[in-house]
Amino acid sequence: MENTTVKRGRAARLFAVMATTALSLGVLLMAGPATADTVNDEMPYKVSGNVQNNGAPLAGVSINVSGNGINADVLTDAEGKWKVGVSEKNAAYTVTLDESTLPDGVVVVDNPETADIVEGAVMEVQVGPGGRVTMNYFIGKGERVVTSMVDQVVQRLISGVNFGLMLALAAIGMSLIYGTTGISNFAHAEMVTFGALGAFVLSELGAPIWLAIIAAIVLSGLFGWGLDAAIWAPLRRRNTGLVQLMIVSIGLSLAVRYTYQLFIGGGTEQLPGADSPKIKLFGSVALSWIDMASMAISILLIAAFAWWLMFTRMGKATRAISDNPGLAAASGINVDSVVRVVWIVGATLAGFSGILWAYFRPGIRWDMGGQILLLMFAATTLGGLGTAWGALVGSLIVGVLVEASTLVIPSDLKYVGALVILIVILLFRPQGILGRKERIG
Amino acid sequence: MDFLGILNSTAGFILAPVTIAYALAALGLAVHFGFAGLLNMGMAGFMALGAYGYAIGILSFGLPWYLAALVGLGAAVIFALILGIPTLRLRGDYLAIVTIASAEILRLLFLTKVFDEYTGSADGLFSYNGEFQESNPIPAGTYGFPPFEDTAAMWWVRIVGIIILAVATFAVWRLVNSPWGRVLKGIREDEDAIRSLGKNVFTYKMQALIIGGVLGAMGGLVLAMSSNVNQGQYVTSLTFFIWTALLLGGAATVFGPLVGSLIFWVLQAFLGLLFPALAEQGLLFGLSSIQAAQIKFIIVGVALVLIVVFRPQGIFGNKKELTFVR
């Protein structure tokens, strides 16, 4: 047998090759005439392939070809071959391998060379001008993830709580800023990105990651102070209208976002430790230590923030201003300095949230904050604009909803669910879950 | 550095389809925000509906191009209704958040693999303009003089775009100077006062939302006619850019959005060519020309801040008719 030729590179990944002439010749000698299992033979153009695991043909694997009016199922024959006739050339088709029909212990693995794989077993092929195309599936040893529904739900819930806590760190600051200043802060997304970028830049400069993260959080606070001193405080003194302030935050968001892109480019960078392995906890629930640390620190930070808001003088002043700025000012609270502290606290929390988001995504991009900006808005609105606890509750709901919804809807629609909920809640309870009615005018 | 070449390419944007598209969308936004006071942050969604409605109408339903264009505009009307019913009763910033979320929902629905058959998901839609170009009365060839030199196909897009823009501008000008427009401006200034006069504020706002939305869809239509359709064009930034163009010209004016879009695109094109050229000459502190191309977006953001703070009425606006009512 000549199937030694099919072993390519990667130790763990075995290349299952289709329609390699040398190989088919070898198989042909053993198995007689090679007639691939064929469907729609009367059609003029062909999509074909050959499913093998390290040279051993896999028979009875179900393959579906769809697109351009074709939707055909075919089983591989004894030599692992299949062929489907299609009506159009110069057209794209989707080929899906049903992984449950593969033998135990092997799965379709990602093709390392091509990027057009959607979910491993699903591939897009283009039938070119020649009217024929051959498909390669990469089959390798691996556990097919056969997870029970309960485990899946638990895994999604944990992941959702993790995401929700991360979102809450950003949303609480956003909500606090809204409560004290009335600004719907679109630039909050950039404050989130700032933390992640800061940690990345510092760790690139050689700082150990724990130091880089702490320094990045401190820098985030300084960033918030700087924004307030340079932009928001002067605008407060000018008595600028709320709509104007909102548009200023949009302009600021654009300027800062593209400044990030100017410096780090359009690619994705990784923080150290982003690829840490997952540890099995129970059932098939697995979390990396970063996931666990992320949740623990989020909870600690939120608890510390809660203590600050409920029991310190500054926290009480903040709540008083949220409640009634005029009355707070009249009773001797220095509104300007409290608002400055709110910006610093908001930016610090947002910066930390950005670092967690960089691990959760995973990756750092110039527009990573913008990707969750609308979810933050959804969370704050859902919980009740301007209320800190509302933002926490809203974030947890949004986080769990986004992650759990992938169980029933395609994952590329997972953010849609949260945004739809946002609109629906405005229909029935516009003040949000914890908001008060007079806030909506 | 080829400075004349840069000026030449820049001048080409005066008549570019994208400028016309921005002008239409900014005009729609003027109706929403400038005249009715509606804080619509979802203009990109209306534009996407115009573009996708047109392309899907032709590709999936085999409609003639003018009917497909109507599908896009009709979709915008339906979107405005769905958006307006729950949100028009809410305060301004709620409307902003809901509209921005709705536009993003639309974009994600165009992006998802689920409707790939109709929307082309991440690849978008293309080669649907054949029939539109068959209706082109201009014989094939290249017309005009530099910098306004282009093929017959692109001239046809421009002519149709300019006709749509002219009709739309005239219609908006008549509308805002009619009794209907005066009520609308009244709602912008003081909703309760207008309500006490017995006007149905909700209906007026809804009509404004629909009219502005259809104008936005026309903008998307012109974009779709000039190139292909891809969800990546209809991101939130597009809405922000159109806001910048609108506020530049003057939100509560009819001609402000047109001039604002013109200035926006001419400056965008000029800076987008100037900075990379400067970078190649090594005049930008060692930035690469790819990095330098980002500077124009930073300038858009800074410009938006400066306009809103220092000249909120825009170039043509009247200070007395400030659109930022508190």
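Predicted model: local features only at pLDDT ≥ 70, side-chain atom pairs only at ≥ 80, totals over all residues.
User: In what order do the four strands of the open sheet in chain A stand?
Analyst: The pairing in this sheet of chain A is antiparallel, and strands of a sheet in general pair through backbone hydrogen bonds. Strand β5(A) is joined to β6(A) by six bridges and to β8(A) by four bridges, while six bridges join β8(A) to β10(A). Read across the sheet, the order is β6-β5-β8-β10.

User: Which strands of chain A stand at the edges of this sheet?
Analyst: An edge strand here has a single partner strand, so one side of it is left without a neighbour in the sheet. Neighbouring strands of the sheet are turned by 25 degrees against each other on average, with direction ignored. The two edge strands of chain A are β6 (70-75) and β10 (122-127).

User: Which residue of β10(A) is the bridge partner of T96(A)?
Analyst: Strand β8 of chain A covers residues 91-97 and runs antiparallel to β10(A). In β10(A), the bridge partner of T96(A) is V122(A).

User: Which residues of strand β5 in chain A make up its covered face?
Analyst: In a regular strand the side chains alternate between the two faces of the sheet. In β5 (residues 62-67) of chain A, the uncovered face holds S62(A), N64(A) and S66(A), and S66(A) stands opposite N71(A) in β6(A). The covered face is made up of I63(A), V65(A) and G67(A).

User: Which residue in the turn between β5(A) and β6(A) has a positive phi?
Analyst: The strands β5(A) and β6(A) form a hairpin, and two residues lie between them. One residue in this turn has a positive phi of about 50 degrees, and that residue is N68(A).

User: Which helix supplies the largest share of the side of chain A that touches chain B?
Analyst: In this contact, 37 residues of chain A meet 39 residues of chain B. The helices α5 (242-264), α10 (368-383) and α12 (414-428) of chain A each supply at least two residues of that side of chain A. The residues on this side divide into 27 nonpolar, nine polar and one charged. The largest share, 15 residues, comes from α5(A).

User: Which residue of chain B is in contact with A378(A)?
Analyst: The largest nonpolar core has 203 residues, and A378(A) is among those that touch the most other members, as are L167(A) and L24(B). Leaving aside neighbours within four places in sequence, A378(A) is in contact with V398(A), A418(A), L419(A) and L422(A) of its own chain, and in chain B with A101(B).

Terms used. Residues numbered from 1 in each chain as written. Chains lettered and ligands numbered in written order. Pairing = 2+ DSSP bridges. Axes fitted to C-alpha atoms, helices over the stretch in contact; angles between N-to-C directions. Contact = placed C-beta atoms within 7 Å. Nonpolar A, V, L, I, M, F, W, Y, C, P; charged D, E, K, R; others polar. Buried ≥ 20, exposed ≤ 12 C-beta atoms within 10 Å, placed from the backbone. Core = buried A, V, L, I, M, F, W, Y, C linked by C-beta atoms within 7 Å.
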